[in-house]
Amino acid sequence: MTTPAPGRPPNPAASPAVVAGKAPMEEHQAFSHERPDAAPASSGESGASLAEVCVVACAEAWRGDGAILASPMGLIPALGARLARLTFAPGLLLTDGEAHLLAPGGPGTRPGADGTGPVVEGWLPYRSVFTMVAAGLRHVMMGAAQLDRFGNQNISCIGDWARPQAQLLGVRGAPGNTINHPVSYWVPRHSRRVFVERADMVCGIGYDRAAGLGPRAARFHGLRVVVTNLAVLDFQAVDHAMRLRSVHPGVAAGDVIAATGFPLAVPDQVPATRLPTAQELALIRGRLDPAGRRDRELP
């Protein structure tokens with residue numbers, strides 16, 4: 001018998017949601033969309049860049065998870081998981097995806113010729129990850145080529161299955177991830193091409209499809225958050241439709257609505273995504289990513 005993932009504290013009470021009308025008209029690092037020439041975008045008075053706001057928003061996805069395996073896909077989610085481990089989530093397990101459990105690390109954390117690299121804390125061969133997946137003891141943050149309003153995710157192909165316009169990663173582990181343990185998403189470019197009315201192919205299972213499987217089959221299904229370059233979204237609406245949780249500094253709710261290809265549930269008051277603390281900025285800049293690679297993952 002499988003066991004559910006560790007409990008999380010309930011989300012703070014949100015204002016009643018209303019459905020916003022439509023405006024006119026990426027489980028792998030392949031969705032990182034790095035731009036080597038990108039300059040940091042400031043988030044305002046805090047001095048934090050947009051990338052740093054996104055790192056903290058990704059870190060928050062693991063708040064309250066306890067001793068669970070964090071599996072981030074992409075640089076900013078990886079920085080977020082490591083930041084969470086160093087601050088408010090010391091029980092998180094971090095892996096290199098092959099055989100080792102790692103400390104959050106950063107430059108100078110492992111003795112060696114160049115003094116760089118992670119600290120190995122334990123042995124977790126890849127075959128053992130499947131045991132954790134089946135037990136609900138993992139929380140993955142994947143990418144998405146398409147997401148619909150109930151969280152159905154596509155990373156396989158664009159267009160009709162018989163004659164696709166583009167072939168992507170394939171289904172990969174998305175079905176097993178979404179049915180067995182918590183899942184979040186990272187989308188570095190929030191647009192109507194990603195947030196679509198209907199996914200061309202469903203890889204990760206959304207709330208409507210999970211409900212169709214029945215309560216026993218879907219008892220471990222849970223989509224937490226979607227972090228983008230514009231906002232943080234969740235599925236806390238009454239019908240589990242995608243909801244606008246917060247907007248990043250300088251972004252209005254209307255900007256997010258216009259960049260989304262389906263009606264969003266929007267609270268009466270949409271808060272701003274929280275800014276990094278001074279401690280978090282120091283960790284991101286001095287220990288986790290001193291080279292500033294995070295800024296290249298955003299448009």
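## Phe195 and Phe262

Phe195 and Phe262 are both buried (under 20% relative accessible area, 1.4 Å probe, protein chains only; exposed is over 50%, partly exposed in between). This is a predicted model: local features need pLDDT of at least 70, side-chain atom pairs pLDDT 80 or more, while totals for chains, interfaces and linings use all residues. Residues are numbered from 1 along each chain as its sequence is written, and side-chain values use heavy atoms, without hydrogens and water.

## Aromatic pairs

The count is 3 aromatic pairs (ring centres of Phe, Tyr or the six-membered ring of Trp within 6.5 Å; planes under 30 degrees apart are stacked, over 60 edge-to-face, the rest tilted). Phe195 and Phe262 make a tilted pair, 6.5 Å centre to centre with 55° between the planes. Phe195 sits in the loop between strand 11 (183–187) and helix 5 (207–213), Phe262 in the loop between helix 6 (253–258) and strand 15 (265–267), so the pair ties together parts 67 residues apart in sequence. Helices (H or I, at least four residues) and strands (E, at least two) are DSSP runs, numbered from the N terminus.

Tyr207 and Phe235 are also tilted: centres 5.8 Å apart, planes at 45°. Tyr207 lies in helix 5 and Phe235 in the loop between strand 13 (231–234) and strand 14 (243–247), so this pair ties together parts 28 residues apart in sequence. Tyr207 is buried at 16% relative accessibility. Phe235 is buried at 0%.

## Helix 7

Helix 7 (residues 278–288) has these buried residues: Glu280, Leu281, Leu283, Ile284 and Leu288. They lie on the same side of helix 7, because their arc around the axis is only 160° (taken from the directions from the helix axis to the C-beta atoms). Ala278 and Gly286 are exposed on the other side.
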